[in-house]
Amino acid sequence: MRLVRTDIRPTVPCKPRDPGWTYTCCLMKTLAATQETAVKRIVAELKHRPGPLLEILHAIQDTLGCVPEAVVAPVAEGLNLSRAEVHGVITFYHHFRRAPAGAHTVSLCQAEACRSMGAVALAEHARRRLGVDFHQTTPDGRFTLEPIYCLGNCACSPAAMIDGRLHGRLTPERFDEIIAAQAKSS
Amino acid sequence: MSTVYVPRDAGAQSLGADEVARAIAAEAKRRALPLTLVRNGSRGHYALEPLVEVVTPAGRVAYGPVTPADVPALFEAGFLEGQAHALAHGLTEEIPWFKGQQRLTFARVGIVDPASVADYIRQGGYAGLTRALAMDGAAVVAAILESGLRGRGGAAFPTGIKWKTVHDAPGGQKYVTCNADEGDSGTFADRMLMEGDPLSLIEGMTIAGIAVGATQGYIYLRAEYPHAHRALNTAIAAAYQAGYLGADVAGSGRRFELEVRLGAGAYICGEETSMLESLEGRRGEVRVRPPLPAIKGLFGRPTIVNNVITLATVPWILAHGAKAYADYGTGKSRGTLPIQLAGNIKNGGLVERAFGLSLRELLYDYGGGSATGRPIRTVQIGGPLGAYVPASQFDVAVDYEALSAIGALLGHGGIVAFDDTVDMARMARYAMEFCALESCGKCTPCRIGSTRGVEVIDQILAGIEGERNLHLLEELCETMVQGSLCGLGGMAPFPVQSALKYFREDFRAPPKQAQ
């Protein structure tokens, strides 16, 4: 088992959607020039749509890998909202990350149907296997472990979403196979 | 040329359907056999997924559950002609699990190609819209009223009354919104429908828009459903392409535009006013009613808010008549309900039947008992806000009124089974924990009460002042039920209260193994 170092934040890139960029948004209070350009472009493109803020935040997270503190000001300015309002929306929704995830995101369903089929024990196994708790990233930056509350796969419990791929009837053994395969691929 | 169906449904994919589809395509290529591979929705019998179907002159023949390793042997056995094999189940329609079902809303799910408007029309799609376009709006609303259709999202409010309010509201911009924030554990009917027959939802929303004079529709979809997101976007693009959405719906001169908006992982946004706040780009905090959304909804305009299943049922009602729909069901629960069997159940999946069958029939005749083979101790119906029903009450009929009479609720029709290893004090704690996690924070009973609930249950489990704390927990539940602004805080105590009522021994004994 690996030692858990929760005091160290991952310094690896955000999900590397554009390998040419420097991703330091987890730590930074300011945006890199390319990121600022991207945020301004997203705001300009979407601001005229009805009720655009959630769409803008989704687009930012899809592009930067997270919604860092530093986007609050340009988004607020673009939409003529207060920073408090934008901050309030970002922090209301579980989906928006303030810091980037690891290279692989492992979301384990912890809702009732999955609990009836051993989701709590599976989560315990995943914590041991990855050496991190929920909402944490492994020190090597490879895996982020998250709870999720229902993936709609309740007839095939327990369920998990790993890098956007849904898994059903998951067992600890199968979990280890998937993690080993992902670790090899990155 | 043979036609083979392999589901693209997220649940089937979670069991390896994509790998099976690839293996079938590769094996057919190796054998130089021409093959049309259609990625359909799931038929809903997840014990057989991935369920591969082959078209034969007698009908579709089913094979399942298929793994990629089975594929060469299936070809060897002649499965393209529907020949026998250890995984063969004969004609899909004749499998007992499907045969007794009454699929109206789910009539095409698992059968139709979800991406094809042409196939949708071949399977009876858009007949409802054609009928609706020949009627005036008030007549369409009257038909929905007459059908007895009630909101399938959980609240069971008569759909026709909502529509009539929006229809009668003064003109100007009106909206049709679909609540596809299916966050209740144990429910997946919305997801299956959006992936398996998205055009029926699109048609239902179009009919709603034309009936009440709304030109814009939004589907508010939860972010946890990426497969449904892709399926909806594909189907919406196809409907625009075919002229069934846009400025001139089916050549009628009527406009209806539709788009999908993604939620962002907030359970509370399944509450209708919270969903409207979220659609407007704000924190999903509930609104105080009145005004009702039907009067003052999205962007302050008259708005229909209906669940996926409600809207997807509308085309059937228009195509076959309100009376035909109302002929199904019992008492005030008219029509059919897509019921979802989930959790610790051997044959989980989707069963659509008229209201009124018993819970026992669902759990044992369809469900086949628990997956673990142990006795089913309890089921939770209607999601995380629904009560736990003990085994002694499994003869209750599944309809709104009968469940309400025993202090339970039907909600969205999801049933989660638990075997006798479940620790109900842990499940009660989880109910409070989930409410604390998902509370929007606007009202105190929900925001503070849920956190106090977790603390009190922890004290009980630690053996600290058990009797006094049990009494306190009951009072706390009562306060939340009476004092909360919406259903989250107002109903989160239901599972706790039912656990206390039927499984009080679990709150005293030292905790069993965690569930």
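Rings of Phe, Tyr and Trp (its six-membered ring) pair if their centres lie within 6.5 Å; planes under 30 degrees apart are called stacked, over 60 edge-to-face, and the rest tilted. The structure is a predicted model, in which local features need pLDDT of at least 70 and side-chain atom pairs count only at pLDDT 80 or more, while totals for chains, interfaces and linings use all residues; side-chain values use heavy atoms, with hydrogens and water left out. Residues are numbered from 1 along each chain as its sequence is written, and chains are lettered from A and ligands numbered from 1 in the order in which they are written.

A pair of aromatic rings is described by the distance of the centres and the angle of the planes. Trp97(B) and Phe98(B) form an edge-to-face pair, at 5.7 Å centre to centre and with 85° between the planes. Both Trp97(B) and Phe98(B) are buried. Here buried means under 20% relative accessible area, exposed over 50%, and partly exposed in between (1.4 Å probe, protein chains only). Tyr120(B) and Tyr126(B) also form an edge-to-face pair, with centres 5.2 Å apart and planes at 85°. Tyr120(B) and Tyr126(B) are both buried. One aromatic cluster is formed by Tyr149(A), Tyr267(B), Tyr430(B) and Phe434(B).

Charges over rings were also examined. The criterion is that NZ of Lys or CZ of Arg is within 6 Å of the ring centre and within 35 degrees of the ring normal. Arg60(B) lies over the face of Tyr5(B), at 3.5 Å from the ring centre. Arg222(B) is placed over the face of Tyr225(B), at 4.8 Å from the ring centre.

Strands and sheets come next. Helices (H or I, at least four residues) and strands (E, at least two) are DSSP runs, numbered from the N terminus. Two strands pair if DSSP finds at least two bridges between them. In chain B, strand β12 covers residues 336-343, and eight of its eight residues are buried. Strand β13 (residues 349-354) of chain B pairs with β12(B) in the antiparallel sense over six bridges. Pro338(B) has Glu352(B) as its bridge partner in β13(B). A hairpin of five residues joins β12(B) to β13(B). β12(B) is also joined by four bridges to strand β16 (residues 414-419) of chain B, and these two run parallel. In β16(B), Ile415(B) is the bridge partner of Leu341(B).

In chain A, five strands form an open sheet of mixed pairing, in the order β2-β3-β1-β4-β5. Its edge strands are β2 (136-137) and β5 (165-167) of chain A, each pairing on one side only. Strand β4 (residues 160-162) of chain A runs antiparallel to β5(A), with three bridges between them. Met161(A) has Leu166(A) as its bridge partner in β5(A).

The second largest pocket holds about 1200 Å³ of space. Of the 46 residues that line the second largest pocket, the closest to its centre are Gly153(B), Gly154(B), Ala155(B), Gly270(B) and Glu271(B). On a 1 Å grid over the protein atoms alone, a pocket is an open set of points where a 1.4 Å probe fits, with protein on both sides within 12 Å along at least five of seven lines; lining residues have an atom within 4 Å of a point. Grid points are joined across faces, edges and corners, and the volume is the space filled by probe spheres set on the points. β9(B) gives the largest share of the lining, four residues. The lining residues of the second largest pocket divide into 19 nonpolar, 17 polar and ten charged. Ala, Val, Leu, Ile, Met, Phe, Trp, Tyr, Cys and Pro count as nonpolar, Asp, Glu, Lys and Arg as charged, and the others, Gly among them, as polar.

The backbone shows cis peptide bonds in chain B. The bond from Gly64(B) to Pro65(B) is cis, with omega near -10°. Pro65(B) sits in the loop between β4 (59-63) and α3 (71-76) of chain B. Arg289(B) and Pro290(B) are joined by a cis peptide bond, with omega about -5°. Pro290(B) is placed in the loop between α12 (272-279) and β9 of chain B.

Positive phi values in residues other than glycine complete the account. Phi of Asn80(A) is near 55°. Asn80(A) lies in the loop between α3 (72-79) and α4 (83-92) of chain A, and is exposed, with a relative accessible area of 71%. Phi of Ala32(B) is near 55°. Ala32(B) belongs to the loop between α2 (17-30) and β2 (35-38) of chain B, and counts as exposed at 64% relative accessibility.
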